[in-house]
Amino acid sequence: MIHTDGWVGYNSLKAKGYSHKITKIKRSEKLAHELMPRVHRVAALLKRWILGTHQGSVSDKHLDYYLDEFTFRFNRRHSRARGLLFYRLVQQA
């Protein structure tokens, strides 16, 4: 189940076989951060990362790899051993 806001970019999810739950944030009485906590922050960081690192040029073919890298970096953003980041990446590969 993929839970998103009403952005039109998500319209193709059902056609790709995903269950899709839409929450229209603008029509809700609750604030966005109450409906979908932390989602907007991560989505904004992902968009900024794609624009900054890859200049917005990512192919559908390699999207899984881009998202894996983003997840790896996001989960280690507060790591005290930043020098080991590449070493850990090679270990996991």
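Predicted model: local features only at pLDDT ≥ 70, side-chain atom pairs only at ≥ 80, totals over all residues.
**Aromatic pairs**

The model holds three aromatic pairs. In one of them, the ring centres of Trp7 and Tyr10 are 5.0 Å apart and the ring planes stand at 80°, so this pair is edge-to-face, since its angle is over 60 degrees. Both partners are partly exposed: Trp7 has a relative accessible area of 49%, and Tyr10 has one of 26%. Another pair is made by Trp49 and Phe70, with 5.7 Å centre to centre and 50° between the planes, and is tilted. Trp49 belongs to helix 2 (residues 39-54) and Phe70 to helix 3 (residues 63-75), so this pair ties together parts that are 21 residues apart in sequence. Trp49 is buried, at a relative accessible area of 13%, and Phe70 is buried as well, at 9%. Trp49 and Phe70 are also members of one aromatic cluster, together with Phe74.

Trp7 has a charged group over its ring as well: Lys47 lies over the face of Trp7, at 5.4 Å from the ring centre.

**Packing of helix 2 and helix 3**

How do helix 2 and helix 3 pack? Their axes are 11 Å apart and the angle between them is about 115°. That angle makes helix 2 roughly perpendicular to helix 3. The crossing of the two helices is right-handed. On the side of helix 2, the contact is made by Val42, Leu45, Leu46, Trp49 and His54. On the side of helix 3, the residues are Tyr66, Leu67, Glu69, Phe70, Arg73 and Phe74.

Is His54 buried or exposed? His54 counts as buried, because its relative accessibility is 18% and the limit for burial is under 20%. Leaving aside neighbours within four places in sequence, His54 is in contact with Trp49, Tyr66 and Glu69.

Two of the residues described here, Ile25 and Lys24, sit in the loop between strand 2 and helix 1. Strand 2 spans 20-22 and helix 1 spans 32-35. Ile25 is buried, with a relative accessible area of 17%, whereas Lys24 counts as partly exposed at 40% relative accessibility. Which residues does Ile25 contact, leaving aside its neighbours within four places in sequence? They are Asp5, Lys30, Ala32, Leu35, Met36 and His40. Asp5 is 20 residues away from Ile25 along the chain, and the C-alpha atoms of the two are separated by 6.3 Å.

Leu13 is placed in the loop between strand 1 (2-4) and strand 2. Leu13 is buried, at a relative accessible area of 15%. Not counting residues up to four places away in sequence, Leu13 touches Ile2, Thr4, Tyr18 and His20.

Val90 lies in helix 4 (residues 85-92). At 47% relative accessibility, Val90 counts as partly exposed.

The table gives C-alpha separations for pairs that include these residues.

| Pair | Apart in sequence | C-alpha to C-alpha |
|---|---|---|
| Ile25 and Asp5 | 20 residues | 6.3 Å |
| Val90 and Leu67 | 23 residues | 17 Å |
| Leu13 and Tyr66 | 53 residues | 19 Å |
| Lys24 and Thr71 | 47 residues | 26 Å |

Ile25 and Asp5 are in contact.

Notes. Residues numbered from 1 in each chain as written. Heavy atoms only, no water. Phe/Tyr/Trp six-rings, centres within 6.5 Å; stacked < 30°, edge-to-face > 60°. Buried < 20%, exposed > 50% of the residue type's maximum accessible area, 1.4 Å probe, protein only. Helix = DSSP H or I, 4+ residues; strand = E, 2+ residues; numbered from the N terminus. Lys NZ or Arg CZ within 6 Å of the ring centre and 35° of its normal. Axes fitted to C-alpha atoms, helices over the stretch in contact; angles between N-to-C directions. Parallel < 35°, antiparallel > 145°, perpendicular 65-115°, else oblique. Left-handed = near helix turned anticlockwise from the far one by under 90°. Contact = heavy atoms within 4.5 Å.
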